[in-house]
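Me: I have a structure open and have not looked at it before. Can you take me through it?
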Amino acid sequence: MNRRMFVTTALGAIAVTASGSRSAMAEELEYKMALELEQQTGGQAAPKKELAPMPAKPTLVDFFNLRFTTSNHCLQSATRALKNGFPEETILACLLHDTVLTMIKPDHGHWGENLYAPYVPEKISWAIKYHQALRFYPDPANGYEYPEMYIRMFGKDYKPEPYLEEEYKFAKAHKWYMEARMITMNDEYSFDPKAKPTIDPFLDIIGKHFKQPKEGLGWDNSPSAHMWRTIINPNRPL
Ligand SMILES: [Fe+2]
Ligand SMILES: [Fe+2]
């Protein structure tokens with residue numbers, strides 16, 4: 001049976017359905033926080049906002065401006081990374097890390113990797129995949145503490161499911177570990193309801209490191225083109 005619980009966040013009390021695994025609840029909470037932020041700041045998820053038509057050849061920036069329901073949170077993460085002097089590829093990874101939540105919630109790291117792999121250097125899509133597991137594992141030496149909110153939600157004794165533990169161990173031993181860890185370092189504090197970040201400071205980085213297809217995202221026959229089309233037309237019946 002489903003049970004609803006309310007978690008107090010910087011954005012107010014957020015209802016989370018307490019069914020399934022606790023890591024799935026963490027995912028739901030992350031999405032709801034990003035969505036709540038977007039609603040409070042008047043972004044794409046604002047109530048009653050009709051989806052605007054997309055250009056015939058949509059770019060990544062068009063998705064930020066017209067579709068992504070987690071734009072504000074992702075822009076805040078990238079802004080933190082920029083201010084803290086992280087490398088450009090890390091800034092792009094932070095910018096993209098939760099955008100796939102617009103389309104699907106469970107396993108958003110994996111789906112995010114699928115969505116971006118055709119368009120970014122491999123270590124960026126790899127980092128997007130593994131940030132999902134790394135959120136549950138503190139790394140104080142690199143400035144990542146276990147999120148306080150998970151303790152409040154799940155209790156002190158919570159252990160992530162075995163698959164997340166395996167992914168964490170794999171990522172920890174990998175040469176790109178820090179790429180994924182840097183996403184989590186900029187993630188946790190990026191839910192400020194007063195922040196109004198824009199895409200403008202990132203246009204140059206996107207231009208340099210994101211392979212924008214000339215046909216437009218969704219129409220370029222890449223392995224993830226169908227995912228872009230789903231984001232363009234989420235209610236298309238057939
Ligand atoms: Fe995430
Ligand atoms: Fe995030």
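Me: Start with leucine 95: which residues does leucine 95 touch, not counting residues up to four places away in sequence?
Reply: Leucine 95 touches Cys74, Ala78 and Phe202. Two residues are in contact if their C-beta atoms, placed from the backbone, lie within 7 Å. This is a predicted model, in which local features need pLDDT of at least 70, side-chain atom pairs count only at pLDDT 80 or more, and totals for chains, interfaces and linings use all residues. Residues are numbered from 1 along each chain as its sequence is written, while chains are lettered from A and ligands numbered from 1 in the order in which they are written.

Me: Which residues have the most contacts inside the largest nonpolar core?
Reply: Those are Ala78, Leu92, Ala93, Leu95 and Ala127, in a core of 56 residues. A nonpolar core is a set of buried Ala, Val, Leu, Ile, Met, Phe, Trp, Tyr and Cys residues joined through C-beta atoms within 7 Å. Buried means 20 or more other C-beta atoms within 10 Å of the residue's own; exposed means 12 or fewer, and partly exposed is in between, with C-beta atoms placed from the backbone.

Me: Which residues of α4 are buried?
Reply: Thr90, Ile91, Leu92, Ala93, Cys94, Leu95 and Leu96. Helix α4 covers residues 88-96, and seven of its nine residues are buried. Those buried residues pack against α3, α5, α6, α9 and α10. Helices (H or I, at least four residues) and strands (E, at least two) are DSSP runs, numbered from the N terminus.

Me: And α5, what do its buried residues pack against?
Reply: They pack against α1, α4, α6 and α11. Helix α5 is mostly covered, with seven of its nine residues buried. The buried ones are His108, Gly109, Trp111, Gly112, Glu113, Leu115 and Tyr116.

Me: Back up a bit. How many helices and strands are there in the protein chain?
Reply: The protein chain has eleven helices and two strands. Of the 238 residues, 42% are buried.

Me: Different topic. At what angle do the axes of α1 and α3 cross?
Reply: Helix α1 (residues 22-40) and helix α3 (residues 71-83) cross at roughly 100°, and their axes come within 7 Å. Ala34, Leu37 and Glu38 of α1 make the contact with Ser71, Asn72 and His73 of α3. Axes are lines fitted to C-alpha atoms, for helices over the stretch in contact, and angles run from 0 to 180 degrees between N-to-C directions.

Me: Is leucine 164 buried or exposed?
Reply: Leucine 164 is buried, because 20 other C-beta atoms lie within 10 Å. Leucine 164 sits in helix α8 (residues 162-172). Leaving aside neighbours within four places in sequence, leucine 164 is in contact with Ser23, Ala133 and Phe136.

Me: What about arginine 22, which residues does arginine 22 touch?
Reply: Arginine 22 touches Phe154 and Tyr158, not counting residues up to four places away in sequence. Arginine 22 lies in helix α1 and counts as partly exposed, with 17 C-beta neighbours inside 10 Å.
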